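The following note reviews one structure point by point for a reader who is new to the subject. Please keep the sequence and the model in view while reading.

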Amino acid sequence: RFMDGMSLAVGKTTRDWATVSLVSRFGKAFGPGDSALIAATSGGGFTGEEIVSDSWGEGFPDPVLGVRKAGRLPYLCEGVPFELTLPKRLARACCRALDPDGMARCDVPRRINADGTVTFVFSPSLRTVWYSLVNP
């Protein structure tokens, strides 16, 4: 849980890491009347890219990156499963998945918890790394 009452729970990714960032439009703590951009990233690669070896040669193992066979555009990112919980005072917030042009594609599923907090449930099925969070 963060100081402002938000909490974040990141699920399993292929490489066991992810980055989730929330940037407030007005450069302050996210609150009433604010909006924010969320970005969630993990592994990725070019279409058709293959890992052909898990080592750069003797003495240079790299099981994460390995040696890759080149792929082609587009570059694809792994979807990050995570949940973002907002405190009760932000329970009216809504979140939308954004397309590559920054246009809203669909609502991110949300649930209202027994304590009045709201949890947004992000999943790879949303097929994006960008989200818009708005608190009216």
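1. At 44% relative accessibility, Y75 counts as partly exposed, a term that lies between buried (under 20% relative accessible area) and exposed (over 50%), with a 1.4 Å probe and protein chains only. This is a predicted model, in which local features need pLDDT of at least 70 and side-chain atom pairs count only at pLDDT 80 or more, while totals for chains, interfaces and linings use all residues. Residues are numbered from 1 along each chain as its sequence is written, and side-chain values use heavy atoms, with hydrogens and water left out.

2. Y75 has an aromatic partner, F46. Their ring centres are 5.0 Å apart and their planes stand at 85 degrees, so the pair is edge-to-face. By definition, rings of Phe, Tyr and Trp (its six-membered ring) pair if their centres lie within 6.5 Å; planes under 30 degrees apart count as stacked, over 60 as edge-to-face and the rest as tilted. F46 belongs to strand β4 (residues 44–47) and Y75 to strand β7 (residues 72–77), so the pair ties together parts that are 29 residues apart in sequence. Strands (E, at least two residues) are DSSP runs, numbered from the N terminus. F46 is also partly exposed, with a relative accessible area of 36%.

3. How many aromatic pairs does the structure hold? There are four. One of them joins F122 and Y131, whose ring centres are 4.7 Å apart and whose planes are at 80 degrees, so this pair is edge-to-face. Both F122 and Y131 are buried. Together with F82, they form one aromatic cluster.

4. F122 and Y131 also belong to the largest nonpolar core. Such a core is a set of buried Ala, Val, Leu, Ile, Met, Phe, Trp, Tyr and Cys residues joined through side-chain atoms within 4.5 Å. At least two core residues come from each of β3 (35–41), β8 (82–86), β9 (94–98), β12 (118–122) and β13 (130–134). In soluble globular proteins, nonpolar side chains tend to be buried together.

5. F120 deserves a separate remark. Which residues does F120 contact, leaving aside its neighbours within four places in sequence? Among them are F82, L84, L86, C95, V108 and L133, where contact means heavy atoms within 4.5 Å.

6. Two strands pair if DSSP finds at least two bridges between them.

7. β3 is joined to β13 by five bridges, with L37 opposite S132 and S35 opposite V134. Four bridges join β9 to β13, and V134 is the bridge partner of C94. The covered face of β13 carries Y131 and L133, whereas W130, S132 and V134 lie on the uncovered one. In a regular strand the side chains alternate between the two faces of the sheet.

8. A second open sheet has four strands in the order β1-β8-β12-β11, again paired antiparallel. Its edge strands are β1 (7–10) and β11 (110–112), and its twist averages 15 degrees from one strand to the next. Three bridges connect β11 and β12, and I112 stands opposite V118.

9. Finally, the structure has three salt bridges, each defined as a side-chain nitrogen of Lys or Arg within 4 Å of a carboxyl oxygen of Asp or Glu. E83 and R111 meet at 3.1 Å, N to O; E83 lies in strand β8 and R111 in strand β11, so the pair ties together parts that are 28 residues apart in sequence. R96 in β9 and D107 in β10 are 11 residues apart, and their side chains meet at 3.2 Å. In the salt bridge of K12 with D16, the closest N and O atoms are 2.2 Å apart. K12 is exposed at 62% relative accessibility, and D16 is exposed with a relative accessible area of 57%.

Definitions and conventions
Axes are lines fitted to C-alpha atoms, for helices over the stretch in contact, and angles run from 0 to 180 degrees between N-to-C directions.
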